[in-house]
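Good morning, and thank you for coming.

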Amino acid sequence: MLTPLHACTSAGLARAPDPGQSLDRTTTAPMQEEDVKALTVIPGQSGSLAVTDVPEPTPAADELLVDGLAVGICGTDHEIAAGEYGWAPPGRDRLVLGHESLGRVREAPPGSAFQAGDLVVGVVRRPDPEPCGACAHGHFDMCRNGRYTERGIKELDGFASERWCVQADYAVPLDRGLADVGMLLEPTSVVAKAWDEIESIGNRSWFAPERVLVTGAGPIGLLAAMLGRQRGLEVHVLDQVTTGPKPELVDALGATYHSDGFDAAVEGGHPDVIIEATGVPSLVLEAMARTAPYGIVCLTGVSAAGRTRELDASGLNRSMVLENDVVFGSVNANLHHYALAATALADADGDWLRSLVTRRVGLESFAEAFEFADDDVKVVLAFGG
Ligand code: BGC
């Protein structure tokens, strides 16, 4: 059973160390009470991103103390940096950014599944304090009342810090071979959840999908395609670029890359499953209307609100009803999905995963990590040299 609200003592909330506490903990180095560097932001305030000193976090009895290795930067981080999303912890102006984490355990509580030196990723979301029925059952990714919190996004400090702590129950151990790419676990957990749900929905009747279309060849789209190939499916990926690493990354998966629009991508047959990973309204509507019968569309891209389009609602309704189609949205991931994602990454081709990380930027050069470059797939902020 998961404990409700996480009270991590990380950055900004340092509390007096318990003198007896570190005696039993496995540790790689003596603790020193001094500040560490973190990438912080004032949510709602564009241009407020900065490297600031935050107090060395002090782990509670059930927490790991972790040396930050890297965080991945995604669209959500860009939105928070632009002042369009994100919430600081209550009573504070600044939020430590970063939810796609990777670190190395420095201290672990006795009896936990971790040891000093282990590679670890922190889970993003914590259940709401009530908790709602979904959160009470460990399904905090499906929180019903919206009072969940998220590390680096909503009211809890994130992992873009030289040091952070995390409850052992919300930490995921990673295969040592994933030291370069472990920050891909969180985005992989999002698509592992998407696939898990697709399979649950499909299994409401006879389900033997063959053809999958993924719209968008960003990290989410590419990882969704990778999971489709791991299932032995025929995978098509639609994006607009014709240069850069994306076409090759898709080829290397044994999938087919399309850049001539939706019609060309479905020319060979309508997909049984579409995973929409752009949030672009025209693609969202195409996806909803263009599956094979008994089609499933999973929407994972978050659109900016207020972009309206004309839609033949009755035609869409007619085809969805007559074909038993399902369209659903999917966000975040629970512990089960992180475990699925860790297995998917361990089974994946390491070179392919490494080539998803197209830029690594040091903490002091964080501004570069937030610039867009044409050839970027995943940009990573690296800690500790
Ligand atoms: C993260 C999710 C999170 C969502 C909404 C995404 O970027 O991957 O874990 O739930 O943003 O805050």
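Two strands are taken to pair if DSSP finds at least two bridges between them. Strands (E, at least two residues) and helices (H or I, at least four) are DSSP runs, numbered from the N terminus. Please bear in mind that this is a predicted model, in which local features need pLDDT of at least 70 and side-chain atom pairs count only at pLDDT 80 or more, while totals for chains, interfaces and linings use all residues. Residues are numbered from 1 along each chain as its sequence is written, and side-chain values use heavy atoms, with hydrogens and water left out.

I begin with the sheet. Strand S2, residues 35-41, is joined to S5 by two bridges, and these strands run antiparallel. Within that pairing, threonine 40 has valine 96 in S5 as its bridge partner. The open sheet consists of three strands in the order S3-S2-S5, with antiparallel pairing. Its edge strands, S3 (50-55) and S5 (95-96), each pair on one side only.

I turn now to the aromatic rings. Rings of Phe, Tyr and Trp (its six-membered ring) pair if their centres lie within 6.5 Å; planes under 30 degrees apart count as stacked, over 60 as edge-to-face, and the rest as tilted. How many aromatic pairs does a search of the whole structure find? It finds four. One of them is edge-to-face: phenylalanine 159 with tryptophan 164, at 4.6 Å centre to centre and 65 degrees between the planes. Phenylalanine 159 is buried because its relative accessibility is 1%, and tryptophan 164 is likewise buried at 1%; buried means under 20% relative accessible area, exposed over 50%, and partly exposed in between (1.4 Å probe, protein chains only).

Phenylalanine 207 and tyrosine 294 form an edge-to-face pair because their planes stand at 65 degrees, with the ring centres 6.3 Å apart. This pair links distant parts of the chain, 87 residues apart: phenylalanine 207 lies in the loop between helix H3 (185-202) and strand S13 (211-215), and tyrosine 294 in the loop between helix H7 (281-289) and strand S17 (296-299). Phenylalanine 207 is buried at 18% relative accessibility, and tyrosine 294 is buried with a relative accessible area of 18%.

Finally, helix H7 itself. Its buried residues include Pro281, Leu283, Val284, Ala287 and Met288. Why do they lie on the same side of H7? They do so because they cover an arc of only 165 degrees around the axis, taken from the directions from the helix axis to the C-beta atoms.
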